[in-house]
Amino acid sequence: MNTLRLKFKGEPVTLLPEKALWLTELKTLVIADVHWGKIDHFRKAGIPVPLKGNDRNIELLISLINRYKPKRLIFLGDLFHSRYNGEWETLGQVKRAFAHCSFELIIGNHDILSERQYERHKILLHPERLQLNDLWLTHEPLKEIPNGLFNLAGHIHPGAHLVGAGKQSITLPCFHLKENQCILPAFGSFTGLARVKPKPGEKVFVVADEKVIAMN
């Protein structure tokens, strides 16, 4: 897989084709918007969504942890989609398998489970934000970023709309990089995409064919 290396405020980072971000010196994986349980939530509502997305999320997460061996795994909100269901226990099994790694969650708008559920699986909660050196991690992108800090956020599920020579088009997940902010793509395989329109000076890095590709 092809990754892409950058620096945010002097902090080495790697954009990963698994739609995650690796903080090299901090040995920390950052993931946004897993929406665990969304597939089961839809199926209970009578919407015929395939279950393979659940397996894909688990496989990718385990693969990332095995490859990078992070000290910390930080979820930028919306870890779980809605109310409790069986997928939550699957996540608990993953946490127990990687006891050396701290699982941490910056609470997002979909994270409505009781604190007891997170405590039971030893997931550390951060109510609004988390600061790592000059990086400020939040769920929703900050509109005003304190001077000298760089914001890592999720929530948007950014996607880049590409048009081919034959007018065929596709929207792909992407990292949206602004002057002092990077919005991560949604990690979950069933989350939808919000088309982004980068302004002058902004950059988009598309995830396609197991690569991270700079588009501008």
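**Elements and overall numbers**

I looked up the secondary structure and found four helices and 16 strands in the protein, where helices (H or I, at least four residues) and strands (E, at least two) are DSSP runs numbered from the N terminus. This is a predicted model, in which local features need pLDDT of at least 70 and side-chain atom pairs count only at pLDDT 80 or more, while totals for chains, interfaces and linings use all residues. Residues are numbered from 1 along each chain as its sequence is written, and side-chain values use heavy atoms, with hydrogens and water left out.

I then checked burial: of the 216 residues of the protein, 51% count as buried, which here means under 20% relative accessible area, with over 50% as exposed and partly exposed in between (1.4 Å probe, protein chains only). The protein exposes about 10900 Å², and carbon and sulfur atoms supply 50% of that area, computed by the Shrake-Rupley method with a 1.4 Å probe. Among contacts (heavy atoms within 4.5 Å) between residues at least 6 apart in sequence, 62% join residues at least 24 apart.

**Nonpolar cores**

For the cores I used sets of buried Ala, Val, Leu, Ile, Met, Phe, Trp, Tyr and Cys residues joined through side-chain atoms within 4.5 Å. The largest has 28 residues, of which Ile 31, Leu 61, Leu 73, Leu 79 and Phe 103 touch the most other members. Two or more residues each come from strand 3, strand 4, helix 2, strand 5 (72-75), helix 3 (87-97) and strand 6 (102-106), and helix 2 gives the largest share, six residues. I followed Leu 61 and, leaving aside its neighbours within four places in sequence, found it in contact with Ile 31, Trp 36, Leu 73, Leu 91, Val 94 and Phe 187. A second, separate core of 24 residues includes Leu 15, Ile 106, Leu 135 and Leu 152.

**Aromatic pairs**

Rings of Phe, Tyr and Trp (its six-membered ring) pair if their centres lie within 6.5 Å, and planes under 30 degrees apart count as stacked, over 60 as edge-to-face and the rest as tilted. By this rule I count three aromatic pairs. One of them, Trp 22 with Tyr 68, is tilted, at 5.0 Å centre to centre and 40° between the planes. This pair links distant parts of the chain, since Trp 22 is in strand 3 (residues 20-23) and Tyr 68 in helix 2 (residues 52-68), 46 residues apart. Both Trp 22 and Tyr 68 are buried.

**Cysteines**

I found zero disulfides, a disulfide being a pair of cysteine sulfur atoms within 2.5 Å. The sulfur of Cys 182 is 9.2 Å from the closest cysteine sulfur, in Cys 174, and is therefore too far for a bond. Cys 174 counts as buried at 0% relative accessibility, and Cys 182 counts as buried at 1%.

**Single residues**

Asn 57 is in helix 2 and counts as buried at 4% relative accessibility. Not counting residues up to four places away in sequence, Asn 57 touches Val 34, Phe 187, Gly 188 and Ser 189.

Which phi did I note for Asp 33? Asp 33 has a positive phi of about 55° although it is not a glycine; it lies in the loop between strand 4 (28-31) and helix 1 (38-44) and is buried at 0% relative accessibility. His 157, also not a glycine, has a positive phi of about 60°, sits in the loop between strand 10 (150-153) and strand 11 (158-163), and is buried with a relative accessible area of 10%.
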